[in-house]
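Trainee: I would like to go through this structure with you. Could we begin with the packing and then turn to the rings and the sheets?

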Amino acid sequence: MRIAMVHSSFAIRGGAEQYVRNLSAALTQRGHEVRVFSGPSAHSLPDDVPIRPRVAARLGQPGTRTGKILTHLGDLVDPTGLRVDALRDFAPGVVHVHNWQGLGTLPVGRLVRAYPSVHSVHDHAVCDPNNALGNLGRSPGLDRLLRLRSGWVMRRLSPAVLLFPSERTRRRVLGSAPGVRRVTDRVVPLAMPTPPRCREMPYGGRNVFLYLGALAAHKGLDLLLEAWRDAGSPTGGTLLIGGDGPLRAEVERLAEDMPSVRYLGHLDEAGKEAAFASAGWLVFPSRGAETFGLVCAEALVAGRPVIANSIAAPPMASDGSVLLFREPEELAELLRRAASMPDGEYDAMTASAIEDGRRLDWDRHVDTIIQSYESVMAAPADGRSSFRVTTR
């Protein structure tokens with residue numbers, strides 16, 4: 001099978017980007033031919049096929065307010081950039097779309113009409129250009145505009161089967177476009193390849209907490225740093241921070257001021273393994289409604305319970321594997337509670353995490369993805385644009 005992976009950019013090395021690489025490698029190992037089509041970036045690989053930048057991207061400087069506005073407008077109205085004929089020489093049997101923001105709904109819409117396609121929903125970009133849902137609820141008028149936008153995006157993606165990482169994400173995304181009803185999409189919980197030594201590790205330090213991810217406010221790292229200033233010393237524990245991002249300087253300053261904070265930098269697989277081996281907990285304080293949280297899945301596979309913001313509660317974690325906070329000031333108290341948790345209670349949470357982790361099987365996940373490919377390839381070509389979506 002020839003599979004085209006289409007992803008907007010590898011400018012960052014987040015969960016979606018690592019998933020594309022892991023899935024591509026797994027499919028190649030099974031004898032399939034995979035090619036990645038993506039915007040050029042610092043983390044592109046030599047075999048990636050670069051997608052030419054669209055006009056909207058060339059008009060504004062990346063990272064500026066104007067650049068962001070043009071990016072979001074371009075997602076709706078700019079037809080340039082990704083071209084269907086860019087895939088013609090490869091002639092894929094199926095196209096797998098990942099993050100589409102930056103590629104645009106018009107080019108992606110043409111692509112999924114031309115080839116049997118699936119789309120993994122890694123974020124909430126369909127619901128809100130700020131895929132952390134930061135615009136929702138600000139005003140009735142803005143909410144109406146966002147619903148119109150969602151309907152527009154969903155209709156452009158209509159020929160593709162959407163693969164949702166959780167039922168919660170499916171409800172939220174489909175609910176953002178109430179005029180569109182989809183009937184053949186699938187919930188496919190994510191997973192990741194895990195070496196046997198990383199499964200069900202021996203206990204880490206009960207008072208050692210790990211944050212792993214983007215060093216950014218939308219991920220709640222600022223909440224965690226403030227909570228640690230309050231609770232860190234009384235726990236007698238250690239806060240390990242891995243990743244990179246705009247709050248890196250603040251993390252480095254805190255690590256200089258507080259010996260209980262250790263900044264680990266951006267971690268490769270060996271570095272993550274060592275961090276999980278040391279830690280007794282993963283802290284996941286994200287401010288946004290996460291679709292899945294792959295780092296939480298990694299923690300559960302390692303047998304590490306999770307401390308999470310309730311708005312971002314990991315859907316793959318059972319109640320016994322996670323401690324939730326609702327208000328920022330509750331996080332410091334949860335850190336103190338976790339560090340001094342009685343053995344029996346911590347043992348029960350660890351056992352629950354291990355059981356949750358056992359359900360996250362990578363090979364079974366890849367099997368399900370291949371079945372999804374085979375399903376869309378078997379669908380009648382003349383029904384690709386209509387049989388999956390009906391409008392009320």
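**Packing, rings and sheets**

Mentor: Leaving aside neighbours within four places in sequence, Leu23 is in contact (heavy atoms within 4.5 Å) with Met5, His96, Trp362, Val366, Ile369 and Tyr373.

Trainee: What should I know about the model and the numbering?

Mentor: This is a predicted model, in which local features need pLDDT of at least 70 and side-chain atom pairs count only at pLDDT 80 or more, while totals for chains, interfaces and linings use all residues. Residues are numbered from 1 along each chain as its sequence is written, and side-chain values use heavy atoms, with hydrogens and water left out.

Trainee: Which residues of the largest nonpolar core touch the most other members?

Mentor: They are Met5, Leu23, Leu27, Phe276, Leu282, Val306 and Tyr373, in a core of 53 residues. A nonpolar core is a set of buried Ala, Val, Leu, Ile, Met, Phe, Trp, Tyr and Cys residues joined through side-chain atoms within 4.5 Å. Buried means under 20% relative accessible area, exposed over 50%, and partly exposed in between, with a 1.4 Å probe and protein chains only.

Trainee: Where does the largest share of this core come from?

Mentor: Helix H10 (residues 294-301) supplies that share, with seven residues. Helices (H or I, at least four residues) and strands (E, at least two) are DSSP runs, numbered from the N terminus. A second, separate core has 32 residues, including Ala231, Val261, Ala332 and Leu335.

Trainee: Now the rings. How many aromatic pairs does a search of the whole structure find?

Mentor: The search finds five aromatic pairs. Rings of Phe, Tyr and Trp (its six-membered ring) pair if their centres lie within 6.5 Å; planes under 30 degrees apart count as stacked, over 60 as edge-to-face and the rest as tilted. Phe37 and Phe90 form a tilted pair, because their ring centres are 6.3 Å apart and their planes stand at 50 degrees.

Trainee: Why does that pair tie together parts 53 residues apart in sequence?

Mentor: Phe37 lies in strand S2 (residues 33-39), whereas Phe90 lies in the loop between helix H3 (65-77) and strand S4 (94-97), so the pair links those parts. Phe37 is buried at a relative accessible area of 2%, and Phe90 is buried at 3%.

Trainee: And Phe209 with Trp228: why is that pair edge-to-face?

Mentor: Their ring centres are 5.8 Å apart and the planes are at 65 degrees, so the pair is classed as edge-to-face. Phe209 is in strand S9 (residues 205-212) and Trp228 in helix H7 (residues 221-235), so parts 19 residues apart in sequence are tied together. Phe209 is buried, with a relative accessible area of 0%, and Trp228 is buried with a value of 0%.

Trainee: Which residues do ring pairs link into a cluster?

Mentor: Tyr203, Trp281 and Tyr346 are linked in this way.

Trainee: Which charged ends sit over rings?

Mentor: The charged end of Arg21 sits over the ring of Phe10, 3.7 Å from its centre. That of Arg156 sits over the ring of Trp152, at 4.1 Å from the centre. The criterion is NZ of Lys or CZ of Arg within 6 Å of the ring centre and within 35 degrees of the ring normal.

Trainee: Changing topic: is strand S12 covered or exposed?

Mentor: Strand S12 (residues 279-284) is mostly covered, with six of its six residues buried. S9 and S12 pair in the parallel sense over three bridges, and Leu282 in S12 is the bridge partner of Leu210. S12 also pairs with strand S13 (residues 306-309), in the parallel sense and over three bridges; there, Val283 has Ile307 in S13 as its bridge partner. Two strands pair if DSSP finds at least two bridges between them.

Trainee: In what order do the seven strands of the open sheet come?

Mentor: The order is S3-S2-S1-S4-S5-S6-S8, with parallel pairing. Strand S3 (49-50) and strand S8 (186-187) stand at the edges with a single partner strand each, so one side of each has no neighbour in the sheet. Within the sheet, strand S5 (residues 117-120) and strand S6 (residues 161-164) pair over three bridges, and Val118 stands opposite Val161 in S6.

Trainee: Last one: what does Lys272 touch?

Mentor: Not counting residues up to four places away in sequence, Lys272 touches Leu212, Leu267 and Glu298. Lys272 lies in helix H9 (residues 269-278) and counts as buried at 13% relative accessibility.
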